[in-house]
Amino acid sequence: MIEVRDLHRHFGGFRAVDGASLRIETGSITGLVGPNGAGKTTLFNVIAGALPPTSGQVIMDGEDITGLPPHELFHKGLLRTFQIAHEFSSMTCRENLMMVPGGQSGESIWNAWIGRSRIAREEAELLKKADDVLDFLTISHLKDERAGNLSGGQKKLLELGRTMMVDAKIVFLDEVGAGVNRTLLNTIGDAILRLNRERGYTFCMIEHDMEFIGRLCDPVIVMAEGHVLAEGTIDEIKANEQVIEAYLGTGLKNKEAVS
Amino acid sequence: MSGNPYQDDRGNRDRSIANPLGVGEVDGYRESGEVKPAPGKPFLSAEGMVGGYGGGDILHGCTITVERGEIAVIVGPNGAGKSTAMKAVFGMLDLREGSVTLDGRDITALTPQARVREGMGFVPQTSNIFTSMTVEENLEMGAFIRADDFRATMEQIYDLFPILRDKRRQAAGELSGGQRQQVAVGRALMTQPQLLMLDEPTAGVSPIVMDELFDRIIEVARTGISILMVEQNARQALEIADKGYVLVQGANAHTGTGRDLLADPEVRRAFLGG
Amino acid sequence: MSQTLKAPLLFALVAVLILGTGFLQSWNTAVLILNMGLVSAVMALGVNLQWGIAGLFNVGVMGFVALGGLAVVLTSMPAVPEAWSAGGVRIMAGLALGAATVIAGVMAWRRMRSAWLMIAVLIVGFFAYRWVFDAGVGAVEAVNSAQTGYLGGLGLPVVLAWPVGGLLAAGAAWIIGKIALGLRSDYLAIATLGIAEIIIAVLKNEEWLARGVKNVIGLPRPVPYEIDLQNDPAFVERAATLGMDPATASSLYVKFGYSILFAIVLVALLVLAQLALSSPWGRMMRAIRDNETAARAMGKNVTARHLQVFVLGSAICGVAGAMMTTLDGQLTPGSYQPLRYTFLIWVMVIVGGSGNNLGAILGGFLIWFLWVQVEPMAQGLAAGIGAILPAGSPFQASLADAAQHMRLLTMGIILLVVLRFSPRGLLPER
Amino acid sequence: QDVPVGIIMGFTGPIESLTPQMAASAELAMTEVNESGNFLEGRTLVPVRADSTCIDSAAATAAAERLVTSDGVVAIVGADCSGVTGAVLSNVAVPNGIPMISPSATSPALSNAEDNGLFFRTAPSDARQGQVLADILEERGITEVAVTYTNNDYGKGLADSFISAFEEQGGTVTLSSAHEDGKADYSSEVASLASAGGELLAVFGYSDQGGKGMIQSSLDTGAFDTFMMGDGMYSDALTADLGDDLNGSFGAAPWSEGEGADRFLEITEEAGINGDSTFTRESYDAAALIALAMMAGGEATSQAVADNVMNVANAPGEKIMPGELAKALQILADGGDVDYDGATAVELIGPGEASGTYRYYEIKDGEYSTVDFK
Amino acid sequence: MDLLNAIVALSNFVIVPAVAYGAQLALGALGVTLIYGILRFSNFAHGDTMAFGTLVTILFTWWFQSMGITLGVLPTALLAIPFGIAGTALLVLATDRVVYRFYRRKKAKPVMLVIVSIGVMFVYNGLTRVILGPDDRNFADGERFIINARDFREMTGLEEGLAIRTTQGITVITAVLVVALLFWFLNRTRTGKSMRAYSDNEDLALLSGISPEKVERVTWLIVAALITVAGVLYGLDKSYKPFTYFQLLLPIFAAAIVGGLGSPIGAIVGGFVIAFSEVAITYAWKKVLEYAMPQALEPDGLVQLLSTDYKFAVSFMILLVVLIFRPTGLFRGKSV
Ligand SMILES: Nc1ncnc2c1ncn2[C@@H]1O[C@H](COP(=O)(O)OP(=O)(O)OP(=O)(O)O)[C@@H](O)[C@H]1O
Ligand SMILES: Nc1ncnc2c1ncn2[C@@H]1O[C@H](COP(=O)(O)OP(=O)(O)OP(=O)(O)O)[C@@H](O)[C@H]1O
Ligand SMILES: [Mg+2]
Ligand SMILES: [Mg+2]
């Protein structure tokens with residue numbers, strides 16, 4: 001589905017991504033881990049069009065999508081969420097969802113003046129869809145609340161909900177777990193699994209919580225110093241000496257997580 | 001749009017006229033009130049804190065105490081008010097009720113700056129280093145309030161975090177996430193605090209660095225410095241904690257030693273993710 | 001006070017101020033303030049679209065207003081055939097050559113990725129352009145330079161110049177937006193500030209275009225001339241039945257003519273803006289304003305939307321500029337100053353209420369009223385204080401002089417006071 | 001009773017430094033009329049000031065509208081800058097039939113403005129001055145000059161008329177370059193002019209604005225050391241500031257031969273006004289003409305002013321100098337004729353503008369000294 | 001000889017004026033950049049503050065002159081500058097106290113401060129005119145030239161002259177001194193470092209015990225000093241008129257941005273880039289080429305790239321080009 005070929009992204013002389021090559025298979029939930037500064041977020045940003053690459057290619061379903069701007073990638077079914085939730089804070093949860101679908105005729109300013117009735121029809125459909133999504137996420141009681149007033153975890157759910165307003169092919173998640181309470185994280189994990197199974201979304205997610213990764217992801221890709229260090233199932237990764245040395249360590253947390 | 005009409009920038013990003021980098025959230029102009037003696041309290045004792053950010057209350061009678069040399073950990077769901085409680089302890093928001101005492105003195109009326117002088121150190125969750133300054137300058141800024149010679153302390157910190165010694169001339173913004181956290185803790189230690197407060201020091205940090213940080217935190221505590229921290233990696237944190245607090249909706253829900261809480265099935269299920 | 005009550009009350013206040021002017025000073029003054037208030041309100045509407053709705057900090061309003069003014073000359077003045085035959089064709093050829101050079105330069109960069117080739121193309125093209133163009137300009141400017149010395153316009157009815165002014169401003173805004181909105185960090189503010197000055201510089205120095213600093217006076221009007229009315233017995237008679245002298249009646253008649261035309265434009269623009277805002281387009285714009293990065297990731301072409309709003313807002317300023325020049329009856333490029341045509345409009349929007357179209361309109365009226373009336377008020381005040389002071393004291397004189405400068409001071413203080421106590425303006429958004 | 005007369009000048013804006021003296025001079029004339037006691041059975045002229053801003057036509061129009069319709073002025077001294085003058089004329093004066101006498105709008109284009117016989121100016125159109133200056137150069141045998149002008153209708157118009165007259169006589173202009181008033185730095189303008197060369201630099205600007213900056217900058221760099229100056233450059237402040245450096249430079253300024261100017265200086269000095277400031281003479285004359293025209297018409301109305309300005313300004317009649325308004329009023333009251341000469345040797349020609357006598361001066365020992373009158 | 005003449009002509013008309021103008025812009029831009037970096041907004045009132053600072057200095061200069069105190073060959077105004085700085089400092093500190101601080105306490109977005117500064121601009125604009133009126137004021141005295149063109153010609157026997165004005169000399173020397181001092185201050189002293197820390201991260205600075213009030217006060221004091229010095233030097237070199245100072249705002253902004261907003265070195269370099277590009281691109285190279293080229297190749301035209309009418313556009317084109325290729329300015333400023 002997504003193939004990254006020998007991708008480079010340099011900042012001045014610094015090689016944040018340095019020859020990364022990897023594949024994300026259709027229907028998978030691929031985990032992306034690696035030490036701080038390994039270049040994971042940078043890789044995401046390049047794939048999602050937020051940063052232009054220095055060299056290399058990104059292929060999606062056989063089509064070269066290297067360097068396309070984010071809004072075009074969106075229309076190709078490539079979506080992302082952010083490490084820090086990026087809600088539209090002055091808008092209600094419902095509006096947050098309703099604004100998502102592309103190609104709304106009401107988004108053209110001409111139609112705003114001359115095509116009011118068509119817009120009204122479309123809006124009614126969108127409204128129903130948004131309410132369904134809010135139901136799915138178990139936050140329908142918040143539909144008229146301003147998104148800015150939600151709690152951190154709820155914002156992350158809303159963020160996930162936006163990807164459900166359109167038929168996303170692949171969703172990139174950047175550290176959904178960071179700073180999220182583990183219990184809530186489990187709920188989010190469930191939602192991700194359901195989307196993957198029921199709707200056939202492909203996911204690629206950066207995460208540092210090995211337990212969470214272990215529950216959801218197969219395969220797991222480990223990055224270090226800008227390139228791919230290892231790839232495999234969670235158990236293979238945990239057993240990999242290089243990965244232990246560069247990333248997992250042998251300390252207390254790892255022991256705890258394994259136990 | 002936030003509730004604060006003065007913060008309405010209408011989404012403008014025009015960097016040629018406005019510089020949004022490093023804008024603070026804390027009112028630095030408040031005047032300190034007086035310090036009253038409060039004998040017989042634990043080393044740090046924040047009792048019955050009620051307050052918020054000006055809108056409704058976030059904290060509803062939350063109490064936190066730490067003894068000398070102890071590690072205390074606060075856990076709880078998102079939005080429970082953990083960070084808010086930390087800020088309240090540090091004087092970064094107005095309390096409507098409750099008091100904060102440190103080492104037998106009531107410091108409820110002090111500003112954050114004054115609390116630094118009283119021996120408190122705080123490492124916020126994010127943006128906790130001066131990115132444009134070198135590692136050494138960061139540490140110097142930690143020692144800003146000190147009039148004495150702080151070179152010995154700096155050496156101690158370099159011993160504690162050896163990697164920082166190698167990078168002392170490098171801009172802190174160029175360091176990796178884990179290294180930045182070390183700079184941040186180092187900066188706070190430079191003030192020679194008696195109490196070190198850490199807000200989610202391990203969020204977004206790789207497992208190996210997290211282990212490293214926890215090790216260092218234990219080391220710091222062993223030197224007699226009290227530690228109060230908020231953690232979402234709750235199980236690992238409670239593992240090393242002398243005392244644990246579970247905060248729910250701005251009030252204490254469970255309190256106990258770290259081991260006790262870890263062993264409590266209800267706490268595990270509701271707050272630690274099973 | 002609830003918003004629904006506040007808006008009518010504030011507009012009523014403006015009405016009272018203007019009517020008060022009518023009763024206390026004169027109806028002509030009142031209607032004149034009303035007219036310029038209408039024009040100002042249109043300008044404020046344009047700036048509000050950019051700043052209030054999309055957060056674009058455009059400090060080049062002056063440039064677009066001036067382009068609107070240029071449109072009036074180009075549309076409504078009669079052509080100067082001698083000038084056209086002297087060098088008009090050559091000028092057009094020069095301009096075409098210049099445009100071709102820029103396009104070729106951009107192509108060279110896009111296709112070949114070669115900076116040197118681009119620079120070479122630009123330099124060669126530049127000299128060719130100067131060679132063709134300068135000669136044409138010389139010839140045209142030599143044609144009766146005291147009275148014409150320019151190509152003239154199309155000789156169309158002046159009302160047509162208003163949409164043309166909008167188009168001209170829109171075209172300029174499109175080019176500016178293409179350059180400035182595409183920069184990595186947003187440098188729109190400084191770019192607009194500079195480009196507005198460049199537009200004025202072009203207007204001042206390109207004499208073949210609109211006589212440069214020599215001004216074009218006697219622009220056609222969409223309403224009758226007062227003199228003609230005064231000489232029309234039927235009109236004089238009707239004025240007499242209303243108990244007015246012909247001079248007053250005629251100038252009121254003409255001014256009301258303008259008022260009606262301007263009001264039509266203002267209302268039309270307001271309705272269009274409100275419709276757009278209440279549609280999914282408006283929702284999308286709010287989303288972009290809230291969080292650009294997220295909007296981008298949600299498939300919204302933020303740059304294109306910003307460009308669109310920037311062009312629309314600037315076009316509105318262009319229309320207002322054309323209306324203003326029509327009202328003045330002349331184009332005087334030297335008179336465009338940022339303090340008056342950029343910052344004052346900003347004061348209107350901020351004081352009125354950014355993000356709220358009605359607020360911007362209110363601000364337009366209110367600030368314009370003060371801009372005109374602060375001076376006599378300050379003079380009155382100075383005279384009042386002066387009368388108390390001992391006669392002949394040096395203070396009296398300096399007080400009178402100081403009164404003249406009260407206008408700027410007052411604008412500043414009003415802005416500061418409103419920002420402090422009602423930072424979202426008198427009529428906040430929602 | 002009171003007869004209000006408007007004074008519309010740019011008290012704020014680019015020429016805000018000239019206008020206070022101009023307004024004061026105009027008011028001086030009115031005071032003189034009032035104090036004479038001879039004016040229309042003891043009626044009093046009351047000056048009413050309004051701000052034209054010099055640049056903001058809308059504000060100027062609003063101010064003028066207020067003067068006319070609310071303060072009820074019967075005539076206007078002003079406006080000052082040609083741009084706003086045109087706007088006030090066509091939007092306020094003509095519709096309401098109010099005569100305007102501008103002391104400083106010199107744009108040739110105003111000669112053709114649709115004015116219904118209501119617009120006069122005591123400042124000559126720049127067309128004539130250009131010719132005068134070209135003649136001076138011919139006298140001096142100078143054939144190659146560089147030109148700089150302030151970038152507005154005044155500067156540009158004067159430069160144009162000078163250049164065409166000069167070239168007609170066979171002279172060469174090496175470069176004609178505009179300068180903006182109030183800008184930060186003039187080194188690049190001076191550099192190009194120096195590069196172009198020429199026997200001297202002709203400066204058509206203002207003495208307290210870019211014109212002075214250009215001269216200063218040229219002197220400093222040694223680019224030029226002789227200057228020919230247009231009327232806007234004439235001021236004592238200029239010679240005071242630049243002093244002996246200007247020796248040998250010359251120019252022309254509208255002037256009355258003989259007494260007029262000196263008398264004006266005397267009375268302004270007495271009144272504590274800087275009579276040497278630009279356009280003060282023209283302002284005084286404008287106000288004086290309004291008063292005399294009313295007197296000649298026998299009533300304090302707009303119509304009287306519009307009808308009689310030309311009569312009182314031109315021959316036949318007794319010559320009137322500044323400070324002699326009382327005498328003039330007496331003559332008119334007695335049914336006589338006056339030929340107001342004033343501070344600038346007023347002579348209105350064509351569509352009611354000053355024909356202009358120019359004083360051809362040269363600067364010697366840091367002082368203006370008259371060479372000739374033209 | 002001819003080559004020498006060419007070099008002298010170039011120095012006289014391009015290099016010397018551009019260096020002096022550049023130094024003036026640089027001092028102004030330094031103030032803009034400091035406010036941007038530390039107080040986080042572009043100060044639209046900068047030009048008008050400059051006018052005010054100069055005004056105070058002028059009043060003191062006149063007072064000194066009236067008492068017969070002068071500096072000999074140097075302008076008396078130099079003696080009055082400290083008083084001017086004090087006056088300006090009072091004004092800006094009072095403004096900060098009454099106006100800006102409120103918004104900082106409210107944690108207003110920086111763009112709010114920009115808009116506020118527009119209001120302050122209007123107020124200062126009126127204030128300056130109310131106090132001293134809008135007129136042109138000359139307050140320069142002392143020796144005007146270090147060397148003037150005539151003397152230079154006599155001394156060297158060259159055809160071309162070279163003039164260096166006292167004020168140009170003072171401007172350049174002052175600029176160098178001020179910049180060196182500022183660098184030393186910001187990078188070496190405790191207060192300077194605390195200012196950088198505050199500029200980097202307000203809250204963390206607070207948590208380190210740095211008092212925001214002190215940082216802001218010191219910043220305004222430095223800005224007041226920079227502004228007054230820049231304004232007075234400019235006024236000495238040209239002349240004083242409030243309207244001109246308002247117009248200076250634009251080249252100063254351009255300089256600060258070209259250099260990289262928030263970067264003091266950038267401000268200096270930016271000032272010179274703008275000044276040199278304005279003068280050099282609109283310069284008519286005819287004279288220099290006539291000296292430098294063999295007779296046969298001498299140009300007949302003026303060899304002027306762009307008429308001086310558009311010199312203003314030049315600085316903007318440079319600005320745009322710099323921003324397209326280096327969006328953060330020549331020296332990485334804060335606007336990443
Ligand atoms: N805009 C930039 N300019 C310069 N260097 C950058 C930039 N963005 C990232 N880097 C550097 O590139 C490296 C990779 O950064 P990246 O954010 O991709 O790491 P990461 O793998 O996501 O780490 P973490 O797990 O800590 O989020 C880091 O060393 C970072 O300092
Ligand atoms: N600056 C602020 N102004 C107003 N409300 C705030 C502010 N910061 C936080 N809040 C609100 O206070 C409540 C508690 O926030 P707090 O940051 O203390 O939670 P937390 O327990 O630290 O959660 P997390 O684990 O997500 O960090 C939340 O509802 C939040 O929305
Ligand atoms: Mg990352
Ligand atoms: Mg928190």
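This is a predicted model: local features need pLDDT of at least 70, side-chain atom pairs count only at pLDDT 80 or more; totals for chains, interfaces and linings use all residues.

Colleague: Okay, chains. Which pair has the most contacts?

Modeller: Chains B and E, among the seven pairs of chains that touch.

Colleague: And how far apart are chains B and D at their closest C-alpha atoms?

Modeller: 22 Å, and no contact joins chain B and chain D. Chain A and chain E aren't joined by any contact either, with their closest C-alpha atoms 12 Å apart.

Colleague: Switching to ligand 2. Which residues are around it?

Modeller: They come from chain B: Tyr53(B), Ile58(B), the run Pro77(B), Asn78(B), Gly79(B), Ala80(B), Gly81(B), Lys82(B), Ser83(B) and Thr84(B), plus Glu200(B) and Gln232(B). By type, the shell divides into four nonpolar, six polar and two charged residues.

Colleague: Which element gives the largest share of that shell?

Modeller: Helix H1 of chain B, residues 82–89, which supplies three residues.

Colleague: What about oxygen atoms of ligand 2, how far is the side chain of Thr84(B) from one?

Modeller: An N or O atom in the Thr84(B) side chain sits 2.4 Å from a ligand 2 oxygen.

Colleague: How much of ligand 2 does the protein cover?

Modeller: 66% of the 630 Å² of accessible area that ligand 2 has on its own.

Colleague: New topic: the seven-strand sheet in chain D. What's the strand order?

Modeller: E7-E6-E8-E9-E10-E15-E16, in an open sheet with mixed pairing.

Colleague: Why is one side of E7 and of E16 left without a neighbour in the sheet?

Modeller: Strand E7 (172–179) and strand E16 (367–373) of chain D are at the edges and each has a single partner strand, so one side of each has no neighbour there. The twist from one strand to the next averages 25°.

Colleague: How do E10 and E15 of chain D pair, parallel or antiparallel?

Modeller: Antiparallel, over five bridges, with E10 spanning residues 250–254 and E15 residues 358–364. Pro254(D) stands opposite Tyr358(D) in E15(D).

Colleague: Which helix packs on that sheet?

Modeller: Helix H4 of chain D, residues 126–140. Helix H4 touches strands E6, E8, E9, E10 and E15 of chain D, and its direction makes about 150° with that of E10(D).

Notes: Residues are numbered from 1 along each chain as its sequence is written. Chains are lettered from A and ligands numbered from 1 in the order in which they are written. Side-chain values use heavy atoms; hydrogens and water are left out. Contact means heavy atoms within 4.5 Å. A residue is near a molecule or strand if one of its heavy atoms lies within 4 Å of it. A polar contact is a pair of N or O atoms within 3.5 Å; within protein, one must be able to donate a hydrogen and the other to accept it, and residues adjacent in sequence count only if both atoms are side-chain atoms. Accessible areas come from the Shrake-Rupley method with a 1.4 Å probe; for residues, only the protein chains shown count as cover. Helices (H or I, at least four residues) and strands (E, at least two) are DSSP runs, numbered from the N terminus. Ala, Val, Leu, Ile, Met, Phe, Trp, Tyr, Cys and Pro count as nonpolar, Asp, Glu, Lys and Arg as charged, and the others, Gly among them, as polar. Two strands pair if DSSP finds at least two bridges between them. Axes are lines fitted to C-alpha atoms, for helices over the stretch in contact, and angles run from 0 to 180 degrees between N-to-C directions.
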